[in-house]
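This report goes through a single protein chain from its overall dimensions to selected local features. The sequence and the coordinates come first.

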Amino acid sequence: MTRDQMRGFDMPGPFPDPTTRNPVILPDGSPHAGTVFLRAVLDHPRITVGEYSYASSATPPADWAARLAPYLYPGSPEQLVIGRFCQIADGVEFITASANHRHDGISSYPFAIFNGSADPARPSMPGPGDDTMLGHDVWLGRGATVLPGARIGNGVIVGAGAVVGGVVPAYSVVTGNPARALRRRFAPGDVARLEALAWWDWPIERIMAQEAAICGADIAALEAAKP
């Protein structure tokens, strides 16, 4: 979204329904085509996505599932699970386990694919891989790549262009290739308090009423407001 498009966002209105395709309305009244609530655009048997998670793209695709997870097929054994209130920037890609090659033998070449059979029992096919799991309120920066089987905790921030694999603890900031923890966003005790609060599960009206506390890191205020 350009700076000019952002001008005019003065008057808050009702928060959009999580099934809204294009939830950002520009000052001229038109929807911002490049920002979508993923619940409204993903229809894939191996992807589960929570409410209010969104993705943005300068060139919005016809098929958001193929853009985000190009190697996750309807018959893939693994799943991609995305929590609530996640923020996925342009160019983010999930490389799920079906993209893997077998690499424990002499060759990693997938011979089976080229003579008409991707039967997982074939010797050149890898075994099923782990699910890829994204927690709640995760921000994936522009061009980030999430590797097969990654487990990204709640509140994680992934820097632009990072290549993320393995387990990323909640409320970490990770950058680089391979991605490494730059810092923890909060002290361990405060992370435990935030995990217990699970504000992302609250009704949207209560969340919006606590916007200042959530965005201002006022954990005590959130604890006082918890349903």
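The text below covers the chain as a whole, then a sheet, a helix and a cavity.

The model is predicted, so that local features need pLDDT of at least 70 and side-chain atom pairs count only at pLDDT 80 or more, while totals for chains, interfaces and linings use all residues. Residues are numbered from 1 along each chain as its sequence is written, and side-chain values use heavy atoms, with hydrogens and water left out.

The C-alpha trace spans about 60 × 45 × 30 Å along its principal axes. Of the 227 residues in the chain, 40% are buried (under 20% relative accessible area with a 1.4 Å probe, protein chains only; exposed is over 50%, partly exposed in between). Among contacts with a separation of 6 or more, 40% join residues 24 or more positions apart; a contact means heavy atoms within 4.5 Å. The secondary structure comes to seven helices and 15 strands, taken as DSSP runs numbered from the N terminus (helices H or I, at least four residues; strands E, at least two).

Five strands form an open sheet in the order 2-4-7-10-13, with parallel pairing (two strands pair if DSSP finds at least two bridges between them). Strand 2 (47-49) and strand 13 (167-168) each have a single partner strand, so one side of each is left without a neighbour in the sheet. Strand 13 is joined to strand 10 (residues 151-152) by two bridges, and Ile-152 has Val-168 as its bridge partner.

Helix 4 (residues 188-197) has the buried residues Val-191, Leu-194 and Leu-197. These fall within an arc of 120° seen down the helix axis, so they line one face; the arc is that of the directions from the axis to the C-beta atoms. Their cover includes strand 15 (180-184) and helix 7 (219-225). Pro-188 and Ala-196 are exposed on the face turned away from the buried side. Just after helix 4, Ala-198 has a positive phi of about 45°.

The structure holds one cavity of 30 Å³ or more. A cavity is a set of points on a 1 Å grid over the protein atoms alone where a 1.4 Å probe fits but cannot get out, and lining residues have an atom within 4 Å of a point.

| Item | Largest cavity |
|---|---|
| Volume | about 50 Å³ |
| Lining by class | six nonpolar, three polar and two charged residues |

The lining includes Trp-64, Arg-67 and Asp-90. Strand 3 (54-56) and helix 3 (64-68) each supply at least two lining residues.

Technical notes. On a 1 Å grid over the protein atoms alone, a cavity is a set of points where a 1.4 Å probe fits but cannot get out, and a pocket is an open set with protein on both sides within 12 Å along at least five of seven lines; lining residues have an atom within 4 Å of a point. Grid points are joined across faces, edges and corners, and a volume is the space filled by probe spheres set on the points. Ala, Val, Leu, Ile, Met, Phe, Trp, Tyr, Cys and Pro count as nonpolar, Asp, Glu, Lys and Arg as charged, and the others, Gly among them, as polar.
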